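Thanks for coming. I'll go through a few residues and their contacts, and then the salt bridges.

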Amino acid sequence: MVEQGQRLDYPIGDTVDGQAVQVTKLPVYTVVGMAPPAALSATTATPVQFALSPGAKPNHAIISVETNSIRYTINGQEPTSAVGIPVAAGGYIDWTDPAVDYSDMIQKFKVIGVSGTATLNMQPRIWVANNE
């Protein structure tokens, strides 16, 4: 619970019209690039996953659906032509909000082609907040 007068962010010490103003200090991030995994071919038969490098645990990624539509899951369930989140050909999955850690979803990402064999590409990243 927030008490009256309690500050919820970092004071900078600025003033406007003689009144103290409180400004939120935005976090600064270091982005560590990673080699992208090979393009993924998702057929309509069996769900597949990206082959990430051993020990790699990206916490952000953009996944593009290059050809044919897909369905994907991030909860360990197997996607089917009727189960999962649909993405049309030419669409993408954007897991790049720096305030969110997507590593679990990236690790559990499974996909299946819906309208034929789909080609997907992933650009993984590790974002690390610099605590100042």
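I'll start with Ala129, which sits in strand β10, residues 118–130. Keep in mind that this is a predicted model. Ala129 has a relative accessible area of 38%, so it counts as partly exposed. Leaving out residues up to four places away in sequence, Ala129 touches Val28 and Tyr29. Val28 is 101 residues away from Ala129 along the chain, yet their C-alpha atoms are separated by 5.9 Å.

Next, Thr96. This residue is in the loop between β8 (92–95) and α1 (103–108). The side chain of Thr96 makes a polar contact with the side chain of Asp94, at 2.4 Å. Beyond four places in sequence, Thr96 touches His60, Ala61, Ile62, Tyr102 and Trp127. For Trp127, 31 residues from Thr96 along the chain, the C-alpha separation is 9.0 Å.

Now the salt bridges. How many are found in a search of the whole structure? There are 2.

One joins the side chains of Glu78 and Lys110, at 2.6 Å, N to O. That pair links distant parts of the chain, 32 residues apart: Glu78 is in the loop between β6 (70–73) and β7 (85–87), and Lys110 is in strand β9, residues 110–113. Glu78 is partly exposed at 40%, whereas Lys110 is buried at 17%.

Asp104 and Lys108 also meet through their side chains in a salt bridge, at 3.4 Å, N to O. Both lie in helix α1, 4 residues apart, about one turn of the helix. Asp104 is partly exposed at 43%, and Lys108 is partly exposed at 33%.

How values were computed. Residues are numbered from 1 along each chain as its sequence is written. This is a predicted model: local features need pLDDT of at least 70, side-chain atom pairs count only at pLDDT 80 or more; totals for chains, interfaces and linings use all residues. Side-chain values use heavy atoms; hydrogens and water are left out. Helices (H or I, at least four residues) and strands (E, at least two) are DSSP runs, numbered from the N terminus. Contact means heavy atoms within 4.5 Å. A polar contact is a pair of N or O atoms within 3.5 Å; within protein, one must be able to donate a hydrogen and the other to accept it, and residues adjacent in sequence count only if both atoms are side-chain atoms. Buried means under 20% relative accessible area, exposed over 50%, partly exposed in between (1.4 Å probe, protein chains only). A salt bridge is a side-chain nitrogen of Lys or Arg within 4 Å of a carboxyl oxygen of Asp or Glu.
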